[in-house]
Amino acid sequence: MLAIHPKPKPRLRSWHPPIVANLQTISSLPFKSRVFPATKTTSTLNESNETERSSAGKIKRLVLSKEGRTKLNSYPDREFYSYPRFVTHVDDGFISTLTNLYQEMLRPDSEILDLMSSWVSHLPKQAVYKRIVGHGLNAQELARNPRLDYFFVKDLNQDQKLELESSSFDAVLCTVSVQYLQQPEKVFAEVFRVLRPGGVFIVSFSNRLFYEKAISAWRDGTGYSRIQLVVQYFQCVEGFTQAEIIRKLPAAAAGPQQEKSPFSWIMRLLGLVSGSDPFYAVVAYKNFKPVYE
């Protein structure tokens with residue numbers, strides 16, 4: 001049975017709507033502030049019957065080939081993440097953009113699932129949420145995350161089933177980790193199941209990665225192809241709304257001569273150039289209307 005670890009809840013502060021910069025100024029695609037839809041209030045029995053009669057949440061097609069799912073390091077992920085890494089894997093610019101996005105898209109008093117999380121969630125400090133459940137592969141990291149009320153440890157490449165109630169979260173987050181999923185279609189279908197109607201799934205990533213642990217389809221890709229890959233993950237599950245793409249590309253941090261260097265792309269990949277992390281996010285909602293076959 002899956003172990004759920006409760007954490008002592010810190011003293012909550014009242015939430016005040018923050019002043020947020022318009023993300024349209026930092027995004028290469030239009031991004032509008034939105035009115036959050038009220039979650040549908042139906043009984044569990046009625047919702048279950050509706051789900052059975054619809055095709056919502058079903059996988060329509062597989063996105064990845066067998067080769068595309070392979071990793072250079074084929075040892076179990078639990079071994080790779082057996083010791084904690086108390087570091088941030090993206091730069092401050094990326095983190096600031098992500099936090100601003102969360103301020104825009106997450107309602108106060110929401111119930112949130114932070115999928116493939118670690119010791120930090122990058123949520124707005126002043127925002128108060130009803131419940132935040134964390135998932136990851138290292139219990140020490142998750143126990144140190146001050147925003148989590150509960151957490152559980154599970155290898156989603158071994159078992160994609162989330163032992164969580166259906167329609168129990170208003171938002172699911174996946175930060176700089178989607179590149180490690182070998183069965184993304186099944187994971188996205190599970191996310192759809194645990195989201196409430198109108199709930200949002202926010203998948204963010206950059207160009208950094210543990211190269212030997214990323215799947216082949218991701219390692220061999222570009223920024224554009226990786227965005228399209230995540231879009232296809234959403235599209236392969238019946239019932240998600242059309243995915244929205246948000247991106248912020250860094251300005252050239254080096255002079256013309258340095259940019260021409262054959263090593264400049266390696267420096268950006270390793271984060272050795274200030275402000276070098278591009279920001280990408282793909283966002284979609286669980287549709288209110290059931291989809292019938």
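Modeller: Of the 293 residues of the protein, 50% count as buried. This is a predicted model, where local features need pLDDT of at least 70 and side-chain atom pairs count only at pLDDT 80 or more, while totals for chains, interfaces and linings use all residues. Residues are numbered from 1 along each chain as its sequence is written, and side-chain values use heavy atoms, with hydrogens and water left out.

Biologist: Thanks! Why is Cys174 called buried?

Modeller: Buried means under 20% relative accessible area, exposed over 50%, and partly exposed in between, with a 1.4 Å probe and protein chains only. Cys174 has 2% relative accessibility, so it counts as buried. Cys236 is at 0%, and therefore counts as buried too.

Biologist: And how many disulfides does the structure hold?

Modeller: The structure holds 0 disulfides; the term asks for a pair of cysteine sulfur atoms within 2.5 Å.

Biologist: What makes strand E2 largely enclosed?

Modeller: Strands are DSSP runs of E with at least two residues, helices are runs of H or I with at least four, and both are numbered from the N terminus. In E2, 5 of the 5 residues are buried, so the strand is largely enclosed by the rest of the structure. In a regular strand the side chains alternate between the two faces of the sheet. Both faces of E2 are covered, with Glu111, Leu113 and Leu115 buried on one side and Ile112 and Asp114 on the other.

Biologist: How do you know which strands E2 pairs with?

Modeller: Two strands pair if DSSP finds at least two bridges between them. E2 is joined to E3 by 4 bridges, and 4 bridges also join E2 to E5; both pairings are parallel. Leu113 stands opposite Val133 in E3, and its bridge partner in E5 is Val172.

Biologist: What makes E3, helix H4 and E4 a unit?

Modeller: E3 (residues 131–136) and E4 (residues 150–153) pair in the parallel sense over 4 bridges, with His135 partnered by Phe152 in E4. Together with helix H4 (residues 139–144), these strands make a right-handed β-α-β unit. Right-handed means that, with the strands pointing away from the viewer, the path from the first strand over the helix to the second runs clockwise.

Biologist: Which residues have the most contacts inside the largest nonpolar core?

Modeller: They are Leu113, Val178, Phe188, Phe201 and Phe234, in a core of 44 residues. Strand E2, strand E5, helix H5, strand E6, helix H7 and strand E8 each supply at least two of its residues. A nonpolar core is a set of buried Ala, Val, Leu, Ile, Met, Phe, Trp, Tyr and Cys residues joined through side-chain atoms within 4.5 Å.

Biologist: What does Phe188 contact, beyond its neighbours within four places in sequence?

Modeller: Contact means heavy atoms within 4.5 Å, and the partners of Phe188 include Val178, Leu181, Phe201 and Phe234. Its helix, H5, is mostly covered, with 10 of its 11 residues buried. Those buried residues pack against E2, E5, E6 and H7.

Biologist: Finally, why is Ser110 called buried?

Modeller: Ser110 has a relative accessible area of 3%, so it is buried. Its place is in the loop between helix H3 (92–105) and E2. A polar atom of the Ser110 side chain lies 2.7 Å from the backbone oxygen of Arg107. Not counting residues up to four places away in sequence, Ser110 touches Tyr129, Lys130, Arg131 and Asp170.

Terms used: Polar contact = N/O pair within 3.5 Å; in protein donor to acceptor, adjacent residues only side chain to side chain.
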